Protein chains: 2
Amino acid sequence: MRRLLVIGIGAGDPDFVTVGAVAALNEVDVFLVLDKGPATADLTAARRAVCERFITHDRWRLVELSDPERDRRTPAYVRAVDDWRDERAALLEQALTEEVPDGGTAGFLVWGDPSLYDGTLRVIGTIARHGSLDLEWEVIPGITSVQALTARHRVLLNRVAGAVHLTTGRRLAQGLPDNADDVVVMLDADLACRAYADQDLDIYWGAYLGTEDEILVSGKLADVVDEIAEKRAAARARKGWIMDTYLLRRPGAEA
Amino acid sequence: MRRLLVIGIGAGDPDFVTVGAVAALNEVDVFLVLDKGPATADLTAARRAVCERFITHDRWRLVELSDPERDRRTPAYVRAVDDWRDERAALLEQALTEEVPDGGTAGFLVWGDPSLYDGTLRVIGTIARHGSLDLEWEVIPGITSVQALTARHRVLLNRVAGAVHLTTGRRLAQGLPDNADDVVVMLDADLACRAYADQDLDIYWGAYLGTEDEILVSGKLADVVDEIAEKRAAARARKGWIMDTYLLRRPGAEA
């Protein structure tokens with residue numbers, strides 16, 4: 001039997017790590033890290049820094065696995081994600097078997113929270129359904145980049161009695177949700193909100209939230225969208241990658 | 001000048017408190033607590049327990065203010081909340097003036113995260129706009145009950161490339177959102193999801209999340225809605241209050 005701890009370490013700032021995550025970190029024998037792309041080195045270094053700051057013994061190891069390439073060009077996006085998940089699952093299952101002793105505890109360090117736009121729980125579900133490994137797993141929640149965004153901007157996510165819609169850049173490009181005054185956009189490579197700059201919307205934008213590279217911009221969408229696009233492009237060119245998110249809000253009577 | 005720290009302490013479990021919140025707790029001279037209703041005593045006790053567990057000095061005080069009654073019967077719900085917020089703001093402004101010395105630090109301990117369905121930031125905004133007190137404030141994010149819910153059920157909030165809709169019981173009663181496969185419902189006094197029990201939906205429900213009274217139920221909505229209603233009623237009768245939330249999910253190809 002192997003135990004897995006899926007540990008949300010929060011979005012960027014080590015101060016976002018919870019007391020429960022610190023306890024969980026200290027129970028792990030082997031951390032498995034699956035990343036790829038330009039941000040990989042930075043994210044792995046950040047995870048390692050979290051381990052070094054919070055683990056009080058030296059009996060832990062961090063194993064980096066090379067993540068299979070995902071086909072991002074195919075229009076069958078969900079299918080591509082499924083295939084990729086199967087490959088990931090096979091890779092992780094192998095690593096769990098080879099790197100983690102029977103009776104040992106493996107740790108997955110998830111940026112933000114394991115429940116939000118992260119694939120770790122799906123991959124573990126795939127391994128569990130495959131049935132070759134005896135697994136027991138637990139999820140430790142973490143502060144998401146959405147919460148980092150609202151905290152840094154000191155704003156609420158919702159209006160009084162209002163709804164909040166969390167979506168992706170791809171979906172936002174298809175239309176602005178009409179059943180929520182607050183729309184959070186994640187995974188947006190192209191600043192899809194620009195298409196709505198003619199509407200009366202406020203934007204609260206943040207990149208590299210919780211890190212020393214954090215950039216915040218807020219204002220009327222029409223007034224600040226160019227500034228955001230420029231800062232975004234410059235930061236991406238400088239660092240080689242960007243992680244950003246934003247809240248779009250229809251202004252109303254409520255302050 | 002007075003400094004305010006709006007500290008999210010997470011939803012129930014003291015292990016949800018972040019390292020940054022622990023640091024913030026230790027900077028506070030006076031904690032101001034505004035609650036009312038049947039849960040007040042329990043929530044205040046829980047906040048006090050968090051202070052006692054994490055604060056390493058004894059120079060802190062906790063001041064309980066009696067929250068003005070909110071008129072919950074009026075159909076003009078938003079207006080009632082506005083009036084109530086003005087009263088709350090006046091009460092808090094007075095408490096900040098009288099209880100917190102100039103140059104001191106006040107703390108507001110928010111259940112969950114200050115950005116989600118919590119009124120503290122609005123009240124502080126009202127005080128700041130009033131302009132009589134010189135205030136500087138900071139927000140420390142916390143784990144929401146939504147994250148506690150998904151972590152305990154070990155599920156994701158979103159489907160691959162999917163949207164998530166966060167809404168209230170009142171709004172859900174008006175219709176099931178059609179632009180998200182995952183709908184999180186908060187502040188639902190009447191289990192509004194029952195109206196959709198004829199649809200193919202999964203539910204992940206939790207009450208008193210993160211506490212020793214935690215109750216979890218999941219399954220097909222039609223199969224478990226009566227069980228949830230019974231457990232909900234029994235728990236509410238026993239404790240005198242209930243805090244619960246749930247995720248409704250349209251089942252799809254994705255596991």
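Mentor: A residue is called buried under 20% relative accessible area, exposed over 50% and partly exposed in between, with a 1.4 Å probe and protein chains only. This is a predicted model, in which local features need pLDDT of at least 70 and side-chain atom pairs count only at pLDDT 80 or more, while totals for chains, interfaces and linings use all residues. Residues are numbered from 1 along each chain as its sequence is written, chains are lettered from A and ligands numbered from 1 in the order in which they are written, and side-chain values use heavy atoms, with hydrogens and water left out.

Trainee: What share of the residues in chain A is buried?

Mentor: Chain A has seven helices and ten strands; these are DSSP runs numbered from the N terminus, helices being H or I with at least four residues and strands E with at least two. Its C-alpha atoms fill a box of roughly 60 × 40 × 40 Å along the principal axes. Of the 255 residues in chain A, the buried share is 60%.

Trainee: What radius of gyration does chain A have?

Mentor: The radius is taken over C-alpha atoms, and the globule rule is 2.2 Å times the number of residues to the power 0.38. For 255 residues a compact globule would have a value near 18 Å, and chain A agrees with this at 19 Å.

Trainee: In what order do the five strands of the open sheet in chain A lie, and which are the edge strands?

Mentor: Strands count as paired if DSSP finds at least two bridges between them. The sheet in chain A is parallel, with the order β3-β2-β4-β1-β5. Pairing on one side only, the edge strands are β3 (61–66) and β5 (135–140) of chain A.

Trainee: Which residue of β5(A) is the bridge partner of Leu5(A)?

Mentor: Strand β1 (residues 2–8) of chain A runs parallel to β5(A) and is joined to it by six bridges. The partner of Leu5(A) in β5(A) is Glu138(A).

Trainee: At about what angle does α4(A) run to β5(A)?

Mentor: Axes are lines fitted to C-alpha atoms, for helices over the stretch in contact, and angles run from 0 to 180 degrees between N-to-C directions; contact means heavy atoms within 4.5 Å. Helix α2 (residues 40–54) of chain A lies across β2 (30–35), β3 and β4 (105–110) of chain A, at about 160 degrees to β2(A). Helix α4(A) lies across β1, β4 and β5 of chain A, and its angle to β5(A) is about 165 degrees.

Trainee: How many of the eleven residues of helix α4 of chain A are buried?

Mentor: Helix α4 spans residues 120–130 of chain A and is largely enclosed by the rest of the structure. The buried residues include Leu121(A), Val123(A), Ile124(A) and Ile127(A). Gly131(A), with a positive phi near 85 degrees, follows the helix. The buried count for α4 is eight.

Trainee: How far apart in sequence are the parts that the pair Glu138(A) and Arg3(A) ties together?

Mentor: A salt bridge is a side-chain nitrogen of Lys or Arg within 4 Å of a carboxyl oxygen of Asp or Glu. Glu138(A) is partly exposed at 40%, and Arg3(A) is also partly exposed, at 22%. Their side chains form a salt bridge of 3.5 Å, N to O. Glu138(A) is in strand β5 and Arg3(A) in strand β1 of chain A, so the separation is 135 residues.

Trainee: Is Asp182(A) buried or exposed?

Mentor: The side chains of Asp182(A) and Arg249(A) meet in a salt bridge at 2.6 Å, N to O. The pair links strand β7 (residues 182–186) with strand β10 (residues 244–249) of chain A, the two residues being 67 apart. Arg249(A) is buried at 9% relative accessibility. At 0%, Asp182(A) likewise counts as buried.

Trainee: How many salt bridges does the structure hold over all chains?

Mentor: In chain B, Arg3(B) forms a salt bridge with Glu138(B), with the closest N and O atoms 3.6 Å apart. Over all chains, the number of salt bridges is 30.
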